[in-house]
Amino acid sequence: MLKDLVTPENANVFVGKLGDILEKAIGKPLGYAINWGRIWSLWPVHIETACCSVEFGAASSPRYDVERFGIIEAFGSLRQCDLIVVQGTITRKMAPRLRLVYDQMPEPKYVIAMGACAITGGLYFDSYNVLPGIDGVIPVDVYVPGCPPRPETLIQGCILLQEKIKRMKARTFV
Amino acid sequence: MSSDSETSVDAESEETPVVKKPEEKQVELPAFEKGISDKIIEKFGDKVYVTFVKEDRVGIGTSRENVHDVAEFIRDALNYDHVESVSGVDYPQDKEIEVVYHIGSYSDPSLARQILALSTRAQREENPIPGNDATKLPTLRDVFYSVEFHEREVFEMFGVYFEGHPDNRRLLLPEDWADLPPLRKDFTIKGR
Amino acid sequence: MTTELPTTSEIQIDKPSLNWLPPGLGLQKVDERIMTLNVGPQHPGSGHMRLIVQIDGDYIIACDPDPGYVHRGEEKMAEYRNYILNIPHLERPVIHDSCNVLYPYVLGVEELLGIEVPERAKYVRVIASELNRCIYIMYWLAIYGIFLGHSTMFMWPAGDRELLIDLMEKMTGARVTHAHFVPGGVRNDLPPNFEEVCLRQVNYFEKRIKEYAAVFYDNPILISRTQDTGVLSRQDAIRLGTTGSVLRASGVDYDLRKKEPYDVYDELDIHTNVMKEGDAYARSKIPWLDMMESCNIIRQALQKMPKSGSVRVKLKPNPKGKVFDSVYKRVESGRGSLGYYIVSDAKPEPYRLKMSVPSFRNLIALPYLLKGEKLGNMPSVYWSLNYWPVEADR
Ligand code: SF4
């Protein structure tokens with residue numbers, strides 16, 4: 001019976017339909033599983049940009065320990081990372097480098113803007129060499145305000161990002 | 001007060017002849033610091049002028065032609081051995097840019113708390129082309145090695161070109177900076 | 001004095017090692033063995049700066065530091081804010097040493113405006129700045145551990161540091177950016193019961209840091225990686241104008257707390273730690289010894305401090321200086337002598353403010369030290385200079 005339905009003319013339509021059916025049937029649990037894997041292995045890039053990096057360092061210290069939430073300490077290689085925590089001020093000299101780092105990372109990638117400087121320029125709103133926020137350079141997922149944010153705030157930002165990833169649609173069938 | 005400066009005070013002030021300076025009348029100047037400035041005055045006469053003598057601080061000003069000789073004298077005869085900071089100050093009203101070298105000494109214990117501020121002035125241009133205009137000073141890098149990065153900073157921040165400096169490149173500003181040197185007074189922050 | 005030190009101009013960075021070179025630009029072909037590496041600004045071994053190193057095989061033949069990635073124009077901004085409003089942004093260059101980085105500014109403004117500080121405030125300042133020095137050095141030590149791949153040495157100092165951060169939080173209300181020193185004293189009096197808590201924490205802290213010797217300073221791996229690397233002789237340390245732990249590791253006995261005592265340091269008994277070797281090991285050990293000295297100073301200051309009294313004199317709103325009066329004040333910070341050159345005008349804002357920061361002064365030693373070292377030794381030499389890029393760029 002299936003043989004009668006499928007003719008060479010409508011074969012690809014049928015295959016497409018099959019994909020839809022599969023997506024409907026197991027796409028949701030599969031996407032959930034992929035997202036579940038992603039949220040517990042967020043690897044931040046090692047890119048320090050200003051003084052907020054002190055509190056970023058404190059967040060991975062024994063007292064705060066972000067590794068509990070699946071965010072390991074800043075890591076060297078870009079190709080294995082999926083999170084940028086922009087730790088403060090982005091100057092005009094640093095902005096092209098930040099974009100370069102972002103472009104080199106594989107998908108999926110997420111950005112946390114940490115500190116008032118990364119959000120609006122903060123204390124340096126009138127400086128001649130500081131960008132008023134990083135939104136113009138890279139897209140931001142979570143804003144963590146503070147100058148500098150306490151490690152707890154940073155951890156809360158990370159958890160917010162995890163919530164966000166949980167609700168994102170993972171691309172299961174490419 | 002350290003005992004070092006106290007002991008050498010008498011030795012210094014007795015052997016140097018007292019040069020009449022306008023500051024002398026108003027307040028009692030610290031004697032050791034006065035001795036340092038007197039030695040320089042004695043050597044260079046009216047080529048140098050004393051800008052201030054305070055406790056632990058001596059200020060000497062000179063013209064751009066003499067700054068190299070004065071610096072050499074300060075190093076060789078007075079035992080100062082390193083420069084702590086080189087700061088430019090812009091005076092648009094005088095059409096001049098002042099460059100101040102704060103010179104200290106590690107090797108001479110009696111000078112440990114002293115800072116000698118050697119200042120000199122360069123001509124200021126209204127429309128600066130850093131490196132290619134009249135805003136030039138001789139470098140002190142061959143006298144005090146430690147001024148190397150400091151002078152590079154003054155070059156980019158004020159546009160003062162140091163003649164003879166081996167490495168007048170940009171240091172802190174972005175590579176594509178095409179505006180006025182930012183620390184001059186006519187560079188204003190937008191919206192302020 | 002001879003001039004055979006290598007100059008950064010000897011480094012031929014602009015000349016690419018290509019076979020074909022564009023004609024007419026005056027470029028020369030360099031040896032094909034030589035490779036140019038960009039280390040940073042995104043690199044675990046560099047922090048927020050870039051080092052352009054040329055290597056021949058495994059050996060560094062030239063290094064050209066390229067700072068400025070965090071240049072935020074503090075000096076220009078200071079000309080637009082009055083003496084009090086300048087406080088918060090001037091401590092940002094070194095937020096984990098924020099008391100010390102403000103100290104000379106506050107001293108300078110006090111001299112410009114002619115303010116007398118109450119005795120108790122001076123002691124509070126000394127205690128705060130010594131606590132802050134320890135906090136700074138602990139962070140530095142943690143990063144030094146991670147640079148050398150020694151994870152325990154990241155975890156221990158980063159954890160123990162929180163003890164003192166708690167103290168500072170009690171005292172000032174903020175974890176790292178205290179803005180506690182103001183012209184005329186300090187912002188708040190000590191909280192009740194602070195002396196006992198402080199004494200207890202500091203005693204415990206001192207006991208803790210003594211244990212680091214076993215895991216870090218006596219560790220054969222650390223010794224083999226840092227001993228005899230990046231040797232800076234006494235003469236060169238003086239000539240290059242280095243400061244702080246770099247200078248004292250090369251055998252120069254120079255500590256501003258002792259040589260030019262500010263506030264009440266002349267009433268305290270201070271010992272200066274000096275080492276002769278001048279290598280990366282000595283430079284990494286001096287700050288650790290300094291921390292123990294700081295604990296001593298804190299204990300003395302707690303004892304000698306007047307038990308009550310005011311800690312701040314009120315200023316007039318918008319205090320003004322004199323026309324073109326200048327002052328140069330310096331203190332011993334966690335990294336070395338830190339000076340401010342302030343020129344006042346008859347305005348509430350400073351006419352010119354220049355920070356002479358120790359990191360920037362020590363940077364000049366880096367090309368000199370790295371020449372002839374192995375590339376693998378670069379992080380240990382670089383971080384042993386006690387360099388904090390944000391401060392150097394201002
Ligand atoms: S938000 Fe504050 S602490 Fe963070 S980078 Fe900006 S000034 Fe520094």
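## Chain C as a whole

A residue is called buried here when its relative accessible area is under 20%. By that cut-off, buried residues account for 68% of the 394 residues in chain C. Please keep in mind, as you look around, that this is a predicted model.

What does the secondary structure of chain C come to? It comprises 16 helices and 8 strands. Along its principal axes, the C-alpha trace of chain C spans about 75 × 55 × 40 Å. The radius of gyration of chain C is 22 Å, which agrees with the value near 21 Å that a compact globule of 394 residues would have.

Now to the interface. The size of an interface is often given as the accessible area lost when the parts come together. Between chain B and chain C the buried area is about 4,500 Å², and carbon and sulfur atoms give 55% of it. Three residues, Tyr106(B), Tyr145(B) and Phe149(B), supply 18% of the area that chain B buries against chain C, more than any other three residues. In terms of residues, 49 from chain B and 50 from chain C take part in the contact.

## Polar and charged links

How many salt bridges are counted between chain B and chain C? The count is 6. A salt bridge joins the side chains of Lys185(B) and Glu79(C), with an N to O distance of 3.3 Å.

On the side of chain B that touches chain C, at least two residues each come from strand 1 (48–54), strand 3 (82–91), strand 4 and helix 5 (148–158) of chain B. Strand 3 of chain B gives the largest share, 9 residues. By residue type, this side of chain B divides into 21 nonpolar, 12 polar and 16 charged residues.

## A closer look at Glu98(B)

Strand 4 of chain B covers residues 96–104, and Glu98(B) lies in this strand. Is Glu98(B) buried or exposed? Glu98(B) has a relative accessible area of 9%, and the cut-off for buried is under 20%, so Glu98(B) counts as buried.

Leaving aside residues up to four places away in sequence, Glu98(B) touches Ser87(B), Gly88(B), Val89(B), Tyr91(B), Ser119(B), Thr120(B) and Arg121(B).

Note on methods:
Residues are numbered from 1 along each chain as its sequence is written. Chains are lettered from A and ligands numbered from 1 in the order in which they are written. This is a predicted model: local features need pLDDT of at least 70, side-chain atom pairs count only at pLDDT 80 or more; totals for chains, interfaces and linings use all residues. Side-chain values use heavy atoms; hydrogens and water are left out. Helices (H or I, at least four residues) and strands (E, at least two) are DSSP runs, numbered from the N terminus. Buried means under 20% relative accessible area, exposed over 50%, partly exposed in between (1.4 Å probe, protein chains only). Contact means heavy atoms within 4.5 Å. Buried area is the accessible area (1.4 Å probe) that two parts lose on being put together, summed over both. A salt bridge is a side-chain nitrogen of Lys or Arg within 4 Å of a carboxyl oxygen of Asp or Glu. Ala, Val, Leu, Ile, Met, Phe, Trp, Tyr, Cys and Pro count as nonpolar, Asp, Glu, Lys and Arg as charged, and the others, Gly among them, as polar. The radius of gyration is taken over C-alpha atoms; the globule rule is 2.2 Å times the number of residues to the power 0.38.
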